[in-house]
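Please open the model in a viewer and keep the selection panel at hand.

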Amino acid sequence: MVVGAGAAGLATVTGLRGNGFEGPLTWIGAEAELPYDRPPLSKEVLTGARTPDQIRLCSPEKVAELGVDLRLGTTVTSVDVDGRKVMLSDGGVLPFGSLVAATGVTPRTLPGSEGVHTVRTLDDVMALRAELSPGRRLIVIGGGFLGTELAAAARSLGTEVVLLEPEPVPLGLAIGAEVGTMVADLHREHGVDVRTGPGAAVARWHASRGAFDGVTLRDGSAIAGDLAVVAVGSVPATSWLAATGIDCAAGVRCDEFCETAVPGVYAVGDVSSWYHTGFGAQIRLEHRTNAGEQGLYVARRMLGLTSEPFTPVPYFWSDQYDLKIQAYGVLRGHDEVRVVDGTIVDREFVVLYRRGSRLVGVLGVRRARALRQWRAQVAAGAAWSDILATT
Amino acid sequence: MKVEVDKEKCCGAGQCVMIAPDVFDQGDGDGVVILLRDTPAPEHRDGVREAVAVCPAAAIAIVG
Ligand SMILES: Cc1cc2nc3c(=O)[nH]c(=O)nc-3n(C[C@H](O)[C@H](O)[C@H](O)COP(=O)(O)OP(=O)(O)OC[C@H]3O[C@@H](n4cnc5c(N)ncnc54)[C@H](O)[C@@H]3O)c2cc1C
Ligand code: SF4
């Protein structure tokens, strides 16, 4: 049984069938939609360059071909691990042999932000899109990947945008101050009012006649706006696993084979925290490529087709206006950033990230080929001193 | 087997190039996929199937 009908759930199901599993397969998804791709939501779907139909990952014909009992619009509310069964929101109870948790994450909210937009689903982005138009002013709270992408897409629709980030630099923690500053400059050039630092945190929300009309920041400034979107990170969707005893403090905790402490229960995609033997650490990734790779891996693992642990090289990308940022590795928590190719001011470069004495990540803009050449060294956790010797 | 790629959808992840370098390549700057041969040799077909499965943009299709 697979719970969650996003990219990771889909990869698991197709992986099971593609590798010859012929037994019964149940697939449960809370959303009413067939699986669709999320990254375009904050990019082409918000700008209108792609329609919802163009981001489908799976057609009804494909579901039929897979021979799976797919139940959409249905939430798993709890799991009985001893009785090997799940309880559903419609009152149903279903048995399982093995279970794969692929339930993703839900957006974090802020105190007082009830009723303000968040973006995770197609419905969320269509609701936001319906309210964006030239001349209106959008306040984006949170300057991470999601917030900056939403700001860029909204600008291209002619909406006025204010971007608020309480850290000194948008994306600073994720990709470093140098590249983050470049992203902030890019947004300012496109007319976004970028405000950073502790003073840019929201202190109060304002509404008139029940409708949002602005915020007051911690530094005392008042910002009027027609609508706001909160993009301040997300929380793994694990409440349905509460009774299982599985550690869900920071995602569903798994071993190096993506299996939880309960035998036969696995976790994949954004919700999964597993032990990456290459990094020697428990990690959880919210990357689209990982959802696909981990789903496929677990399918193979369940079928006994691999005895290797799951040790991918993380990859992610982000589109900001006409610029594509691509990266391999785990950049968060780095100690040093070094440009090895091109320059950041020209917005064409490759930068390396050091943590301790090792290379942990690489990021590039308009240098896809050069970037890919570093992938193997990131995978190997190459010694920083060796790299300095060769560049 | 006949393969097609949708360059509009491709996000330049390069997963396909890693899995099936004989079939896929990427552009220098943006990393957008380049199809090297649309009718891959038998020994590359499994790789193509895997690339279809992992491509994060669902940009690769087997059309025949
Ligand atoms: C707007 C946006 C932009 C993004 N951009 C990028 C990007 O540029 N690059 C990148 O690498 N990644 C990006 N990501 C992240 C990427 O989309 C995710 O990593 C990926 O979608 C994770 O897939 P998943 O299947 O693990 O989770 P999801 O796609 O979230 O799927 C989980 C599904 O499970 C369902 N579910 C939850 N609880 C239950 C339950 N109890 N019972 C049944 N069903 C349940 C949910 O409703 C959901 O449909 C972006 C994400 C968003 C939202
Ligand atoms: S795997 Fe898909 S998205 Fe990535 S480069 Fe290949 S075609 Fe493009």
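This is a predicted model: local features need pLDDT of at least 70, side-chain atom pairs count only at pLDDT 80 or more; totals for chains, interfaces and linings use all residues.

**Enclosed spaces, ligand shell and pocket**

The second largest cavity holds about 40 Å³ of space. To display the lining of the second largest cavity, select Leu285(A), Thr289(A), Asn290(A), Glu293(A), Pro312(A), Val313(A), Pro314(A), Tyr315(A) and Gln15(B). H8(A) contributes three of these residues, the largest share of the lining. By class, five residues of this lining are nonpolar, three are polar and one is charged.

**Ligand 1**

Next, select ligand 1 and display the residues around it. The shell comprises 34 residues, and Glu31(A), Arg38(A), Lys43(A), Arg120(A) and Asp270(A) are the closest. At Arg38(A), a side-chain N or O atom lies 2.6 Å from an oxygen atom of the ligand. At Arg288(A), a backbone N or O atom is 3.0 Å from a ligand oxygen atom. Of the 1,000 Å² that ligand 1 exposes when taken alone, the protein buries 91%.

Now colour chain A by secondary structure. Helix H1 (7-18), strand S2 (26-29), helix H5 (145-156), helix H8 (288-302) and strand S21 (315-320) of this chain each provide at least two residues of the ligand shell. Colouring by domain shows that domain 1 (2-106 + 234-302) and domain 2 (109-230) of chain A each supply at least three shell residues. In terms of residue class, the shell consists of 16 nonpolar, 10 polar and eight charged residues.

**The second largest pocket**

Elements of both chains can then be highlighted: H1, helix H3 (60-66) and H8 of chain A, with helix H1 (15-19), helix H2 (45-54) and strand S4 (60-62) of chain B, each give at least two lining residues. H1(A) supplies seven residues, the largest share of this lining. The lining of the pocket divides into 22 nonpolar, nine polar and 12 charged residues.

**The largest cavity**

How many cavities of 30 Å³ or more are counted? The count is three. The largest cavity has about 110 Å³ of space. Select Cys10(B), Ala13(B), Gly14(B), Cys16(B) and Cys55(B) to reach its centre, as they are the closest to that point among the 16 lining residues. Which classes make up the lining of the largest cavity? Eleven of the residues are nonpolar and five are polar, while no charged residue is present.

How values were computed: Residues are numbered from 1 along each chain as its sequence is written. Chains are lettered from A and ligands numbered from 1 in the order in which they are written. Side-chain values use heavy atoms; hydrogens and water are left out. A residue is near a molecule or strand if one of its heavy atoms lies within 4 Å of it. A polar contact is a pair of N or O atoms within 3.5 Å; within protein, one must be able to donate a hydrogen and the other to accept it, and residues adjacent in sequence count only if both atoms are side-chain atoms. Accessible areas come from the Shrake-Rupley method with a 1.4 Å probe; for residues, only the protein chains shown count as cover. Helices (H or I, at least four residues) and strands (E, at least two) are DSSP runs, numbered from the N terminus. Ala, Val, Leu, Ile, Met, Phe, Trp, Tyr, Cys and Pro count as nonpolar, Asp, Glu, Lys and Arg as charged, and the others, Gly among them, as polar. Domain bounds come from an automatic or database domain assignment. On a 1 Å grid over the protein atoms alone, a cavity is a set of points where a 1.4 Å probe fits but cannot get out, and a pocket is an open set with protein on both sides within 12 Å along at least five of seven lines; lining residues have an atom within 4 Å of a point. Grid points are joined across faces, edges and corners, and a volume is the space filled by probe spheres set on the points.
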